[in-house]
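Please look through the structure shown below. The paragraphs after it take up a few places in turn.

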Amino acid sequence: MKIYIDTFGCTFNQADSQIMAGLLNENNGSLTSSIDDADVIIINTCYVKHPTEQKVITKIQRLKNRFPDKKLIISGCMVEIDPEKLEKAAPEASWIGPHKIQNAPEIVKSVMDGNIVRATGYSNKSKVCLPKIRSNPLIHIIQICEGCDGVCSYCCTRFARGSLQSYSIEMIKREAEQAVSEGCKEIQLTAQDSAAFGKDSGESLSNLMKHIADIEGDFKIRVGMMHPKSMMGDVEGIIDAFKRDKFYKFLHIPIQSGNNKILSDMNRCHSVEEFKAIVTKFKEEIPDISISTDIIVGYPTEDDDAFLDTMELIQEIKPDFLHISKYMHRPGTTSSDLKEIGYNAMKKRSKALKYLKEKIAIENNMELIGTTQKVLVTNKGSKGGYVARTNSYKTVIIENAIIGTFLDVVITDAKPTYLIGSKLD
């Protein structure tokens, strides 16, 4: 029984696929990288944005046409968010909801026996310390909690992932220790909102971070996205944890809009001023920190003045990484009752923000030319050379290197999305 898994979406979704692969492998399933050789195809879907939805549906339709005799299983967020559209797109497919991935072996077996299985609904089962097959043997992803306690008006992911469920610090640390003992050089702590960790269990993200940093070994830790509202109350603790050597100095803190009225309309539960205070504190305490943030362009109630507030905020904080999304209605969200703004206004704003993003990125990266950076080499580059990460999680391309090693490099050139480095003799 050969199984092919194709994954869309975030780091959390990648970890779900790695768990399914690990469980299937332990139950006599043979994972294959060739879709032509597969008996079963699993498509692990993302549904956070409309363009991704279109890619997912197109992929499903192409697979049905190309491989009508292969068994098709759809997993991931689409299963819970939009079952009606999924039923129309693939009426003979089986489903594995995000909370049912631990049932993957028996579902695949039943599907191979000719059944259509629809495993959906929520579960309180932990996803920690389950077998995984890593896509990169040096990088291990650990899901620290699932779901969130947010009420963002535009987000449909929360309908798939459910309410917040934090996992045991002891178990998370055990999984990280095992990964490091197996040679992993990067541990990624991931969640829908990493800063929400422990709010349902009396724990805190800062405490978890310190436990993971106590693990012996030469490795780096990346902490995933943190909602500003969830950070408030533990900012000092998180900063203190970030100062430890093992952590990448990388803060992913989405703002979504630089205007307080829009943030209120979005139900973000924080203000621009609170966001800026967090970012300022991090920059003061950790000067080499990289800031990553997200913006939704063209929320239905955003006018030109509100958008200018966003542009001014981005110009002020000068993020190293900026993720831009054009607003589109998502199933079941309260914002989908509002009228979308016009295409031309959306395009104009998106283009202006993209230009500012690239301008800031190259300016920030140019400042690093001539500096010496300690980097971790993680993989081969798709266009040659080797990919490494600086202490602030910036990408560096090096001509020759050994994957999995730490090197000192001099930055010789800079592009908007990466740096070019040369090894020190």
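Is threonine 390 buried or exposed? In this predicted model, threonine 390 has a relative accessible area of 2%, so it is buried, the cut-off for that term being under 20%. To find this residue, look at the loop that joins strand E16 (386-389) to strand E17 (395-398). When neighbours within four places in sequence are left aside, the contacts of threonine 390 are Tyr248, Gln373, Lys374, Val375, Val396 and Leu419.

Cysteine 184 counts as buried because its relative accessibility is 2%. Residues up to four places away in sequence not counted, cysteine 184 touches Arg134, Pro137, Leu138, His140, Ala179 and Phe219. Phenylalanine 307 lies 123 residues from cysteine 184 along the chain, and 43 Å separates the C-alpha atoms of the two.

Which residues of helix H8 (residues 205-213) are buried? They are Leu205, Ser206, Leu208, Met209, Ile212 and Ala213. Around the axis they cover an arc of only 160 degrees, and therefore they are on the same side of H8.

Notes. Residues numbered from 1 in each chain as written. Predicted model: local features only at pLDDT ≥ 70, side-chain atom pairs only at ≥ 80, totals over all residues. Heavy atoms only, no water. Buried < 20%, exposed > 50% of the residue type's maximum accessible area, 1.4 Å probe, protein only. Contact = heavy atoms within 4.5 Å. Helix = DSSP H or I, 4+ residues; strand = E, 2+ residues; numbered from the N terminus. Arc of directions from axis to C-beta.
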